[in-house]
Amino acid sequence: MMPFDMNRLSRREFVALTAGGAAAAPLASKRQSALHAAGLTAQDVIDRIKKNVGVEWKADTVDTFKAGDPATVVTGVVTTSMATLAALRFAVKAGANLIITSGPTFYARADAPTAPPRRETMAGAGTPSPAGAYPNDRIFAAKNELIRTERLVIWRFSDHWRARTPDPLVQGLADALGWSRFATADDPALVSIPATTLGALASTIKKKLNARGGIRVVGDPQTAIRKVALLPATTAIDAALKALPAVDAIVAGEVREWESVEYARDTVTAGGKKGLILIGRVLSEGPSMNACAQWLKVIVPELKTSWVPIGDPYWRPA
């Protein structure tokens, strides 16, 4: 399945996204048959996840419903790393109405379905402007309207999914790169791959993940690479400080540029034969949600579950 390419939303696409009625009619029979086959609500599905996830459920978590009614009868499940408009459209076409995402739906940790208050960027930075500064944001409106008209339910699954042992994000990324058999027994995040160079490794990762332009590399392309640490999603400087001395390269999702990136660059400047490859958070988390879809097929066998890879959000200019 090829990732979606949705970097721009035209007026025509906006109308299509927010259109209900006849556009949604062909899906009615498919959803109705699924409803009679299972009869599970979104809350039922989430209750099964909580029961089977294998870790203690925390009260303070981002893993909550973000949109829709938990009492909605589920016609199918889609997992994704981000509940983008493209991913939601995929769910609708697949006859699914429960979307389980590892990332936020509304562009922030708070996942509020409305645009945040405007903030000054010059003098008085950080001071909210009057309420309603972005009252008619068309992207928030399009996403909310699509969710409403198609009766979609969105639930985030991040904190507790990653709390599982071994880390599904690491396992998913290793599987996508074909490195599972190279993993260290006591730490799947450390892999010993066939000898290569940093430049060749970056090219291989780009091809295997179908990255369009988000990959960035620190280090000499000719650096010999054998041991690699996998740090998917977002990691702080502590992770790099712990991993880099013991490996030749780190393959990470997202880091603060002034932390891990500069630490890696100074390591190279100081003579260290090391490398850092950043693939982006979304791309690094995607494969784990494929694993999540496979897991859900066992947990909720009554429902059809599928994964939608949303792909690399970036592209590289000529």
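Which residues do ring pairs link into a cluster? They are Trp 57, Trp 155, Phe 157, Trp 161 and Trp 295. Rings of Phe, Tyr and Trp (its six-membered ring) pair if their centres lie within 6.5 Å; planes under 30 degrees apart count as stacked, over 60 as edge-to-face and the rest as tilted.

Some ground rules come next. This is a predicted model, in which local features need pLDDT of at least 70 and side-chain atom pairs count only at pLDDT 80 or more, while totals for chains, interfaces and linings use all residues. Residues are numbered from 1 along each chain as its sequence is written, and side-chain values use heavy atoms, with hydrogens and water left out.

Confidence first. pLDDT is the predictor's confidence in each residue, from 0 to 100. Its mean over the protein chain is 88, and 82% of the residues reach 70 or more. Over residues 1–11 it is below 50, and this stretch has 32 contacts in the model beyond near neighbours in sequence. A contact means heavy atoms within 4.5 Å. Residues 13–29 also stay under 50, with 18 contacts beyond four places in sequence.

Now the whole chain. It has eleven helices and eleven strands. These are DSSP runs numbered from the N terminus: helices are H or I with at least four residues, strands are E with at least two. Of the contacts with a separation of 6 or more, 72% join residues 24 or more positions apart. Buried residues make up 44% of the 318. Buried means under 20% relative accessible area, exposed over 50%, partly exposed in between (1.4 Å probe, protein chains only). The accessible surface comes to about 16400 Å², and carbon and sulfur atoms hold 55% of that. Areas come from the Shrake-Rupley method with a 1.4 Å probe; for residues, only the protein chains shown count as cover.

Back to the rings. The whole structure holds seven aromatic pairs. One of them joins Phe 157 and Trp 161, tilted, at 5.5 Å centre to centre and 45 degrees between the planes. Both residues are buried. Trp 161 also pairs with Trp 295, again tilted, at 5.6 Å and 45 degrees. That pair links distant parts of the chain: Trp 161 sits in helix H6 (residues 159–162) and Trp 295 in helix H11 (residues 281–299), 134 residues apart. Trp 295 is buried, as is Trp 161.

Next, the sheet. Six strands form an open, mixed sheet in the order E5-E6-E8-E9-E10-E7. Strands E5 (183–184) and E7 (216–218) stand at the edges with a single partner each, so one side of each has no neighbour in the sheet. Two strands pair if DSSP finds at least two bridges between them. E5 and E6 (residues 187–197) pair in the antiparallel sense over two bridges. Thr 184 has Asp 187 in E6 as its bridge partner.

Last, the backbone. Most residues other than glycine have a negative phi, and most peptide bonds are trans. The bond from Thr 165 to Pro 166 is cis, with omega near -5 degrees. Pro 166 lies in the loop between H6 and helix H7 (168–177). Asn 210 has a positive phi of about 55 degrees. It occupies the loop between helix H8 (198–208) and E7. Asn 210 is partly exposed because its relative accessibility is 35%. Ala 233 has a positive phi near 65 degrees and belongs to strand E8 (residues 224–234). Its relative accessibility is 4%, so Ala 233 counts as buried.
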